Amino acid sequence: MRIVFIGPPGAGKGTQAERLAEKYRIAHLSTGDMLRAARDARTEVGCEADKYMSAGQLVPDAIIIRIIQARLEEPDCQRGYLLDGFPRTITQAEALDEMLAQRGTPLDVVLELDVPEDELFNRLAGRGRTDDTPEVIRQRLVAYREQTQPLLDYYGERGLLKTIDGLGTIEEIFERATAVLNDYA
Ligand code: AMP
């Protein structure tokens, strides 16, 4: 199973991604988690990425694409994976398509978690992560709207997009997600 999971910041994507990867026994690849680990370990890539993350901006495509390319080589990705937070730009989506075409392993489905923007700001502000100041939150929502939302058309045109309502309890949303993903398991 190869899944892309798309949703705005604050939609509860990370929680669902973790549970879904566990249910289907596939790798959970969160570029946000990878970047935070690199930042905390003060690697060169981590320090470079932090400049963008702490401003609510997207890290440059070239950095992210290199990280994902290396990660997909690892053995735990053989069984499949759920990409959480990648791709986030059309350039990243095109790079992913190319990587997967070379391997002959196309995506099965792109799952969108749909949450209205006014709901997101409140959720993000309540989360208390150090990178969650109001200005940074606002910037991250802008980045989603301008750079990531175009992916919905990109994958929609390719017949890969499935959208679920992201409002409700963790359990309700998990049920909706598995109702879609079970078709590909
Ligand atoms: P997340 O935990 O997915 O919300 O990611 C946290 C931050 O990491 C984002 O605000 C971006 O600065 C950066 N980031 C994560 N994934 C990507 C990506 N695919 N492309 C660019 N930046 C990313």
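This is a predicted model: local features need pLDDT of at least 70, side-chain atom pairs count only at pLDDT 80 or more; totals for chains, interfaces and linings use all residues.
User: Let's start with the ligand. How many residues surround the ligand, and which are the closest?

Analyst: The ligand has 14 residues around it, and the closest are T31, R36, Q57, G85 and Q92. Helix α2 (residues 31–40) gives the most to that shell, with four residues.

User: What is the make-up of the shell by class?

Analyst: Six residues are nonpolar, five polar and three charged.

User: Which side chains have a polar atom by an oxygen atom of the ligand?

Analyst: Look at the arginines. R36 places a polar side-chain atom 2.9 Å from a ligand oxygen, R88 has one at 3.1 Å, and for R140 the distance from a side-chain N or O atom to a ligand oxygen is 3.4 Å. As for cover, the ligand taken alone exposes 480 Å², and the protein buries 94% of that.

User: Now helices. Why would residues in a helix point the same way?

Analyst: An α-helix has 3.6 residues a turn, so residues three or four places apart point the same way. Take α8 (residues 150–157): L151, L152, Y154 and Y155 are buried there. Viewed down the axis of α8, the buried residues fall within an arc of 160°, so they line one face of the helix.

User: Which exposed residues sit on the face of α8 turned away from the buried side?

Analyst: D153 and E157.

Methods:
Residues are numbered from 1 along each chain as its sequence is written. Side-chain values use heavy atoms; hydrogens and water are left out. A residue is near a molecule or strand if one of its heavy atoms lies within 4 Å of it. A polar contact is a pair of N or O atoms within 3.5 Å; within protein, one must be able to donate a hydrogen and the other to accept it, and residues adjacent in sequence count only if both atoms are side-chain atoms. Accessible areas come from the Shrake-Rupley method with a 1.4 Å probe; for residues, only the protein chains shown count as cover. Helices (H or I, at least four residues) and strands (E, at least two) are DSSP runs, numbered from the N terminus. Ala, Val, Leu, Ile, Met, Phe, Trp, Tyr, Cys and Pro count as nonpolar, Asp, Glu, Lys and Arg as charged, and the others, Gly among them, as polar. Buried means under 20% relative accessible area, exposed over 50%, partly exposed in between (1.4 Å probe, protein chains only). The arc is that of the directions from the helix axis to the C-beta atoms.
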